[in-house]
Amino acid sequence: VKRKPFPSTLPAPKPLKPGEPVLSNAKYEEILKTLRKMSVVLERSPAAFANMDEESLRFQFLVPLNGQFETDARGEVFNSSGKTDILITENGRNIFIAECKFWRGEGSLSDTLDQILGYLSWRDTKAAIILFNRNKGFTKVLAKIPQIVQSHDSYIKDVTAGQSETEFRYLLKHRDDEDREITLSILAFDVPA
């Protein structure tokens with residue numbers, strides 16, 4: 001007995017949905033390198049920046065970011081629960097968020113951690129705090145940063161030492177999803193008044 005063939009066809013393959021853009025660690029390092037280079041300009045020419053407020057200093061960082069990368073770096077952009085100081089997008093999707101702050105004590109940095117975590121949606125995994133110091137005793141400020149971050153509720157662990165003694169890197173948990181990890185760098189710069 002010969003069996004009859006049963007003709008069948010496979011459905012046409014569905015086109016793949018484009019994936020969410022994810023900032024690679026290499027690109028994250030490039031962004032941080034650009035921020036570091038701008039900080040050198042600030043420190044070498046303090047008179048040019050001495051009277052600038054936080055907003056004016058932030059725009060000094062947006063210029064090289066937009067000049068260096070084929071992305072869209074903008075300032076004071078609404079994201080999640082507030083306006084973040086620096087937001088870099090690619091194809092309309094967030095890939096990097098940064099908050100700029102003047103050092104005003106330990107409580108201020110803890111509040112800034114809460115603030116930036118509030119600006120991160122679930123998809124946002126790479127962030128930075130750019131911390132400007134106009135006080136004397138910058139070394140003491142640097143010594144306090146790890147203590148403040150390590151005592152924060154979202155702290156998971158130190159990742160690696162930064163590129164310099166004024167840079168710190170941490171792994172934090174997302175405020176709404178403990179299984180979602182965020183890489184946060186803190187770049188501290190001495191900007192004399």
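## Histidine 174

Histidine 174 is found in strand β6, where strands are DSSP runs of E with at least two residues and helices are runs of H or I with at least four, numbered from the N terminus. This is a predicted model, in which local features need pLDDT of at least 70 and side-chain atom pairs count only at pLDDT 80 or more, while totals for chains, interfaces and linings use all residues. Residues are numbered from 1 along each chain as its sequence is written, and side-chain values use heavy atoms, with hydrogens and water left out.

With a relative accessible area of 4%, histidine 174 is buried (under 20% relative accessible area, with a 1.4 Å probe and protein chains only). A polar atom of the histidine 174 side chain lies 3.0 Å from the backbone nitrogen of aspartate 176. Leaving aside residues up to four places away in sequence, histidine 174 touches Leu120, Ser121, Trp122, Arg180 and Ile182, a contact being heavy atoms within 4.5 Å.

## Phenylalanine 168

Strand β6, residues 167–174, also holds phenylalanine 168, which counts as buried at 12% relative accessibility. Its contacts, not counting residues up to four places away in sequence, include Leu142, Ile145 and Leu184; the C-alpha atoms of phenylalanine 168 and isoleucine 145, 23 residues apart along the chain, are separated by 8.2 Å.

Note on methods
Buried < 20%, exposed > 50% of the residue type's maximum accessible area, 1.4 Å probe, protein only. Polar contact = N/O pair within 3.5 Å; in protein donor to acceptor, adjacent residues only side chain to side chain.
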